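Colleague: I would like to learn how to read aromatic contacts in a model. Could you take me through an example?

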Amino acid sequence: MIDRRQFLQATAAASLLVGAAGLGPLGRVAAQQRLTQADLLRFGAAGTFTLLYMTDLHAQLPPLYFREPSINLGVGEARGRPPHLTDEAFRTRFKVAAGSADAYALTSDDFIALAKSYGRMGGVDRLATLIKAIRAERGADKVLLLDGGDTWQGSWTSLKTNAQDMVDVQAALGVEAMTGHWEFTYGADRVKEIVDKAPFAFLAQNVRENEFGDAVFEPRKTFEKGGAKIAVIGQAFPRTPISNPAWMIPKWEFGLREDDVQKQVDEARAEGADVVVLLSHNGYDVDYKMAGRVKGLDVILAAHTHDAIPEAQQVGSTLIIAAGSHGKFLARLDLDVKDKKVSGYRFRLIPVFSDAIAPDAEMAALVGKIRAPFEKDLARELGRTETLLYRRGNFNGTFDDLICQAMLKQRDAEISLSPGFRWGGTLTPGDAITFDALANATAMTYPACYRMEMTGAQMKAVLEDVADNIFHPDPYFQGGGDMVRVGGVGYSIDVSKPVNQRISGLTELKTGKPLDADRKYVVAGWASVNKGTEGPPIWDVVEKHLADVKTVRLEPNTSVKVTGA
Amino acid sequence: MSSTFTPSRRTVLSAGAIAAFAAALAPRLAFADEKMVADEIKKLYGDKKIDAGKIKLDVPQIAENGLVVPITVDVESPMTDADFVKAVHVFADGNPQPGVVSYTFTPDCGKASASTRMRLAQTQNVVCIAEMSNGALYTAKAEVKVTIGGCGG
């Protein structure tokens with residue numbers, strides 16, 4: 001029988017080296033190049049079956065650097081609650097030593113030095129090694145591999161192959177079910193074409209045909225592992241037609257549909273499910289609220305907001321697993337099932353340190369084959385950076401500062417806007433900026449860099465609207481993502497205020513003058529959700545800019561002043 | 001089903017990138033407010049007491065398309081000759097006109113349930129009033145956010 005307390009202890013980040021006492025923190029081992037694949041896989045199989053979970057891969061095939069946010073504010077009840085903890089506060093909460101391998105994987109400070117010590121993370125060939133090893137250890141019939149979505153978008157190869165590269169990788173990994181969000185930006189026809197042929201299930205209970213409300217996808221699927229019946233309910237990103245181009249999926253409606261989640265749970269139980277899992281692209285805070293309102297969910301596999309939380313979080317009797325993004329982590333959850341109920345669990349968020357894991361040869365060959373036709377483009381060096389280039393953070397990131405500067409210069413604009421995406425890799429000082437790296441931060445199906453006029457009042461309205469999407473105190477009114485990045489303009493934001501009262505002090509940075517509410521400004525931006533948006537693809541704009549500046553050197557961005565946190 | 005909804009004078013901006021900001025940038029027209037909704041209800045029912053409860057008002061928290069926002073109203077009632085829902089009225093406090101739709105029911109309806117789609121010009125409250133056969137009144141309210149879109153994740 002599995003002791004729940006013992007499980008809980010095993011989940012603590014501080015005891016990541018379960019059974020390897022005396023070796024010290026994982027970090028030092030890695031730094032001394034003694035961190036091994038075995039250390040990462042050490043777990044102690046428990047219970048009836050193993051659930052493996054990865055999410056928000058954003059089409060990253062090779063290993064990469066990915067810096068976690070230094071600012072990740074929670075509002076309302078989520079304030080100070082995981083995942084809204086960063087750096088020191090995060091390490092204190094999860095007992096992670098500063099400078100350790102776990103600190104490098106999970107927090108942002110000292111990133112440059114730690115990146116040198118611990119190297120790149122992720123890589124689907126490394127993921128394949130871990131997954132194969134765990135299947136071999138437990139027996140494949142006791143392992144269920146699930147994917148939380150945002151898998152098909154985020155690289156040049158995924159864009160150019162219409163996601164076929166990622167579908168092939170998922171098939172090779174043995175993914176059994178997924179749900180989606182950015183997947184839908186390939187358009188309804190392509191999504192349906194893939195789903196009809198894929199060897200895995202695409203589950204989305206909350207996507208409906210908008211005339212009669214018919215289900216577009218399979219809502220749930222039951223798997224049998226280790227003798228247990230596991231019902232997996234899919235929940236696609238509920239705000240897809242608002243956050244991404246609705247015209248690409250004109251006949252589909254989304255939404256939270258909480259009552260329907262409950263119905264799915266009840267039906268699954270009635271059909272004899274022992275374990276009910278919500279494979280959710282809601283975003284963490286939405287999942288947290290839903291966990292407290294929908295009865296009978298054993299596990300929520302959280303996605304969308306890219307949070308990496310080294311312990312399973314619990315709301316009532318529901319476990320929430322947040323497994324990060326970009327292939328940095330593989331979540332392993334062993335569940336014990338007794339009398340048709342979950343009676344215990346053991347969890348580990350396995351950091352995928354690429355230097356410590358032997359690449360799986362078959363997967364490495366597949367990645368090579370996928371990238372070969374594009375290798376000339378991918379390897380093209382556009383410039384170099386002397387500044388750490390990253391994206392994650394609520395208000396700005398240096399990669400977006402670069403993109404905003406490129407738009408100001410290349411599109412002759414006074415103000416530039418770059419969406420608050422959470423995907424895209426990190427480059428360390430001294431790195432070459434290859435087209436591959438640029439595409440990792442920009443590749444998407446609606447990349448036009450538009451140029452238009454907006455008044456100061458309109459600019460404020462836009463910032464207010466986006467801010468409400470992130471800082472509305474009720475997570476059911478949030479859409480995920482970070483604040484839109486702004487070039488050429490500074491502002492103050494009080495995140496504790498209600499909509500239309502958060503933004504103040506809009507200032508034109510060049511002149512230091514307040515933005516004139518009535519004056520029209522020339523604005524450049526990209527990733528408009530509207531059909532027929534005109535302009536060059538954003539990667540061309542940034543490439544041109546890099547050809548001009550050659551070396552990127554960015555001053556710290558102090559143009560956004562944050563209060564109320 | 002009769003709709004008292006008046007089409008907005010606002011034309012939808014649809015050309016080019018500016019449409020991204022259509023909802024936020026629409027020219028400011030005179031919109032209804034909470035008081036106008038209260039006045040409409042007063043016109044129908046005077047100062048009669050209105051209780052919370054009985055109504056399940058199903059609207060999205062965030063509209064996927066402000067032009068066609070789905071709404072479903074269910075009122076708890078046995079729908080017998082002795083006890084049934086007579087009417088349901090829906091109002092929106094941020095549209096050019098507060099009225100959205102009014103339904104009337106008879107016991108023969110079997111249940112007091114209705115669905116339609118409404119246009120919402122901006123983020124606002126949708127207010128629903130149910131009049132029972134014994135004269136009792138119930139209300140429910142829900143905020144629907146109409147946003148300009150754009151994304152993170």
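**Reading rings and a helix face**

Modeller: The model is predicted. Start with a charge over a ring: the charged end of Arg67(A) lies over the ring of Tyr390(A), 3.7 Å from its centre. Likewise, Arg391(A) places its charged end over the ring of Trp423(A), 5.3 Å from the centre.

Colleague: What describes a pair of aromatic rings?

Modeller: The distance of the centres and the angle of the planes describe such a pair. Over all chains, a search of the whole structure gives 22 aromatic pairs. In one of them, Phe90(A) and Phe94(A), the ring centres are 4.9 Å apart and the planes stand at 50°, so the pair is tilted. Phe421(A) and Trp423(A) make a stacked pair, with 4.9 Å centre to centre and 20° between the planes. Phe421(A) and Trp423(A) are both buried.

Colleague: In which helix do Phe90(A) and Phe94(A) lie?

Modeller: They belong to helix H4 (residues 87-94) of chain A and are four residues apart, about one turn of the helix.

Colleague: Which residues of H4(A) are buried?

Modeller: Asp87(A), Phe90(A), Arg91(A) and Phe94(A) are. Viewed down the axis of H4(A), the buried residues fall within an arc of 95°, so they line one face of the helix. Glu88(A) and Thr92(A), on the other side of H4(A), are exposed.

Colleague: What covers the buried residues of H4(A)?

Modeller: The cover includes helix H5 (101-106) and strand E11 (313-315) of chain A.

Terms used
Residues are numbered from 1 along each chain as its sequence is written. Chains are lettered from A and ligands numbered from 1 in the order in which they are written. This is a predicted model: local features need pLDDT of at least 70, side-chain atom pairs count only at pLDDT 80 or more; totals for chains, interfaces and linings use all residues. Side-chain values use heavy atoms; hydrogens and water are left out. Rings of Phe, Tyr and Trp (its six-membered ring) pair if their centres lie within 6.5 Å; planes under 30 degrees apart count as stacked, over 60 as edge-to-face and the rest as tilted. Helices (H or I, at least four residues) and strands (E, at least two) are DSSP runs, numbered from the N terminus. Buried means under 20% relative accessible area, exposed over 50%, partly exposed in between (1.4 Å probe, protein chains only). A charge sits over a ring if NZ of Lys or CZ of Arg is within 6 Å of the ring centre and within 35 degrees of the ring normal. The arc is that of the directions from the helix axis to the C-beta atoms. Contact means heavy atoms within 4.5 Å.
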